[in-house]
Amino acid sequence: MQASPDKASWAMALVALGVVYGDIGTSPLYVCQTFLNGQGGIANADHESVIGMLSLIFWTITLITTVEYVLICMRVDNKGEGGIFALYSLIRKYGAWLAIPAMIGGSAFLADSVLTPAMSISSAVEGLKTLPAFEEIFSENSDLTLMITVVILLAVFAVQSRGTERIGKVFGSVVLVWFAFIAVVGVVSLSHNWTILAALNPVHGIRFLFSDTNKAGIALMGAIFLSVTGAEALYSDMGHVGRGNIYFTWPFVNLALVLCYFGQGAWILNNQDNPVYASGASTPNPFFAMMTPSVRYVAVLLSVAAGIIASQALITGAFTIVSEATGLNWMPHMQVRYPARTRGQLYIPTVNIVLCCATLAVIFIFKDSEHIAAAYGLALTITMIMTAILVTFYLWHTRKKVAAVVFGIVFPTIMVMFFAASMAKFLHGGWFTMLLTLAILMVMYTWNEGTKLERRQRRHMRPEDCMPALRRLHQDESIPLYADNIVYLTADPEMKRIDTDIFFSIFANHPKRAKAWWGVSVETADEPFTREYSVENFGTDYLFRVKIRLGFKMQQNVPAYLHQIMHDLIKSGELPIQKTKYPKVDADPDIGPIRYVLIHKALMPQSKVSQRGALSLQIKYAIRHVAGSPAKWFGLAPYNPEVEVQPLFLSTAQPPHLKRAPLARK
């Protein structure tokens, strides 16, 4: 367990390298090549262009990653947890509308989690084409890189269930070597042309962006933005490795990236007049080209490993985002596993399968990294804009108004410029990113709207109205026990009254007699690791209303928590002692058999509800059917819970009065 989010250790720093930096660490594989493609080839990349490009890359990394994310956003944490939903949990009390940028940003981040594995691994695998020993093989088999990429992706998603702690330690060692390697090869290439250091002056970048020599125009910023695509992962994965470990490792990572980019720039300047590239038939990848053939073999091997690590960073972040969205009631409950001892480690099988299928679809649609690059980056600009908006409001409401104004002007403005540049490639691939983001946003929005509608229709009974009937049933020994304990899981937050749905379930058809009835709700706290409960017994020893409050990072294993609560109530004398002589699933002889009941709502044809509301409910129920039963989320699957369907009584329209027709007489 992490003792403190600010604590740093060599072991966890190694995990941080493996889990957090994969995405931003593979950017040197394709940023400079994308720049050359936009300029029309290496022949058009003169001294002014290369210096301007490197200046824009250096200051983009400095402003966006170092200043905005590392120095500012990572200080805005929720008990050590980062990411856009953890941030929203901190400030949602300041306005309901803040859910909109949070939903949009979270949807875009999940869309980026699909594109990153495809982009990182495909660009690395394509390095195999640059190796002399494999040139002929790949020229004869054009789809070979595609198939290798698919195999690697399948392997990456297959190992997710082992947890990021184990993966991180293995990947951390590899990525440490990777950053050291790109730093060394960058310095070696840089030593051939030290004039490239002029790019440290931001004036060169601004001048080139608006000059006539910039063939790509504003779209150039879309290529520059690819250098910071992993910045959001630093923030969202902060809870996995701790803020202190990111602070400890970022200076090393930053230096390695800058040296690698500057080394590629030096190679471009030294080879601008190289006759091998004069035709412009194919654009070289400066990352691989700046190395000797023997070193290039090592580079390809390490780049493939780094591409796998990049995929891991976003997949890990996707698990975190989905888990937090579920806690906010923006996504359906899904089974969550906690495969490691490190704080915040989780694995969601359903999300892993969906991400795998979507990533493979990207590979088969776009084929190679050059085409994926057109779709890549757009989603993350949206996430960064929304994060900047939420951080601005956090700073404003924490009495840092001057900082809020400066932050709210500078960083959203920069990100809007990047967004406009990325939209320039909308028809070349950006459409896919937007389509994916909108699909995820629709899931979040409709689930939230459907939940609101259900809650508005919730009805309650006062204890004095329902207790007489419950008392008679409890004492009526002519009716056999349905179970010693009947537990209803409900989303109802009301503690002093009885949910009518539960009352009707107890008495509908054959009455469900029990030694004790339980209404149990699980509330997600804004803090990540809260563990507490409260109980209302209505002055009885057979009717209990329990509310369990769990942090948004805690596993919601209701049976385990409920057994603890029952034992507490037996010790306090509020619950009569229960004994069982026969074996049962929970193997707890001091608690009688428990029967769990889940009540699902169904929309009736005659319900008075708007078309939008009805559509939201129908989509929510369809998503719930696909996502799986909440029984798995709450850990109830081994107990064979009973699922009841009750009508959702939105106010109903009365049908026209029937007129009795007399029987025809012969």
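## Basis

In this predicted model, local features need pLDDT of at least 70 and side-chain atom pairs count only at pLDDT 80 or more, while totals for chains, interfaces and linings use all residues. Residues are numbered from 1 along each chain as its sequence is written, and side-chain values use heavy atoms, with hydrogens and water left out.

## The sheet

An open sheet with mixed pairing is built from six strands in the order β5-β6-β4-β2-β7-β8. Strands (E, at least two residues) and helices (H or I, at least four) are DSSP runs numbered from the N terminus, and two strands pair if DSSP finds at least two bridges between them. The edges are β5 (531–536) and β8 (642–648); each has a single partner strand, so one side of each is left without a neighbour in the sheet. On average, neighbouring strands are turned by 30° against each other, direction ignored. Axes here are lines fitted to C-alpha atoms, for helices over the stretch in contact, and angles run from 0 to 180 degrees between N-to-C directions.

Strand β7 (residues 594–603) runs parallel to β8 and is joined to it by seven bridges. Within β8, E644 stands opposite I599.

## Helices on the sheet

Two helices are described here. Helix α22 (residues 463–475) packs on the sheet and touches β4 (513–525) and β6 (543–551), where contact means heavy atoms within 4.5 Å. The direction of α22 makes about 130° with that of β4.

Helix α23 (residues 500–507) also packs on the sheet, touching β2 (481–489), β4, β7 and β8. Its direction makes about 115° with that of β7.

## Cysteines

A disulfide is a covalent bond between the sulfur atoms of two cysteines. Taken as a pair of cysteine sulfur atoms within 2.5 Å, the structure holds zero disulfides. For C32, the closest cysteine sulfur is in C260, 7.7 Å away and too far for a bond. C32 is buried, with a relative accessible area of 0%, and C260 is likewise buried at 0%; buried means under 20% relative accessible area (1.4 Å probe, protein chains only).

## Cavities

There are five cavities of 30 Å³ or more. A cavity is a set of points, on a 1 Å grid over the protein atoms alone, where a 1.4 Å probe fits but cannot get out; lining residues have an atom within 4 Å of a point.

Two or more lining residues come from each of β3 (498–499), α23, β4 and β6.

How values were computed: Buried means under 20% relative accessible area, exposed over 50%, partly exposed in between (1.4 Å probe, protein chains only). On a 1 Å grid over the protein atoms alone, a cavity is a set of points where a 1.4 Å probe fits but cannot get out, and a pocket is an open set with protein on both sides within 12 Å along at least five of seven lines; lining residues have an atom within 4 Å of a point. Grid points are joined across faces, edges and corners, and a volume is the space filled by probe spheres set on the points.
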